[in-house]
Amino acid sequence: MSKTAVVLLSTRLRPKMFSQILTDIENQQIPTGWELVLCVAENATETEEIYAESTLSQSSLKYRYKVCREIGYSSPRNINIDLAKEIDPDLVLITDDDESLPSYWLTRHIAAHEDLNCEVVAGPTKPSHFFR
């Protein structure tokens, strides 16, 4: 049986940055025995154009998506946590649309998860001394 890693990603009014981070996530090395699911909460008011779902539908990723109409940082993150709970993942990773991820980001977080037996990993998009 495979394990599931969920990446939580919030976005707001940055379609180009969202597209880039989505490419970074698509390019992740996924270890044998693991699957990747992306949860996206798009933060937008009723009058603002939404873009993430149409971009996601063109990707090869498994994903869950929801629009968050309450503007702020915590509301879309809470929505993403709720989406992740529905999946019941083995590992949760959190990033943002203004980050860039090297192709080994997921692999190294999974290694940290397995070596340290932690349930949630959030952290550097650039390797720290721990990952070298």
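**View 1. The buried residues of helix α4 in the predicted model.** Trp105, Leu106, His109, Ile110, Ala112 and His113 are the buried residues of α4 in this predicted model. Because these residues cover an arc of only 160° around the axis, they lie on the same side of α4. The helix itself runs over residues 105-116 and has twelve residues, and its reach of 16 Å from first to last C-alpha is close to the 16 Å expected at 1.5 Å a residue.

**View 2. The residue that follows α4.** Asparagine 117 comes after α4 and has a positive phi, near 55°.

View 3. The structure holds zero disulfides, a disulfide being taken as a pair of cysteine sulfur atoms within 2.5 Å.

**View 4. The chain as the setting for the close-ups.** Four helices and five strands make up the secondary structure of the chain, and read along the sequence they follow the pattern β-α-β-α-β-α-β-α-β. The chain has 132 residues, of which 41% count as buried, while its accessible surface comes to about 7,500 Å², with 49% of that area belonging to carbon and sulfur atoms. Among contacts in the chain with a separation of 6 or more, 71% are accounted for by residues 24 or more positions apart.

How values were computed:
Residues are numbered from 1 along each chain as its sequence is written. This is a predicted model: local features need pLDDT of at least 70, side-chain atom pairs count only at pLDDT 80 or more; totals for chains, interfaces and linings use all residues. Side-chain values use heavy atoms; hydrogens and water are left out. Helices (H or I, at least four residues) and strands (E, at least two) are DSSP runs, numbered from the N terminus. The expected span of a helix is 1.5 Å times one less than its number of residues. Buried means under 20% relative accessible area, exposed over 50%, partly exposed in between (1.4 Å probe, protein chains only). The arc is that of the directions from the helix axis to the C-beta atoms. Contact means heavy atoms within 4.5 Å. Accessible areas come from the Shrake-Rupley method with a 1.4 Å probe; for residues, only the protein chains shown count as cover.
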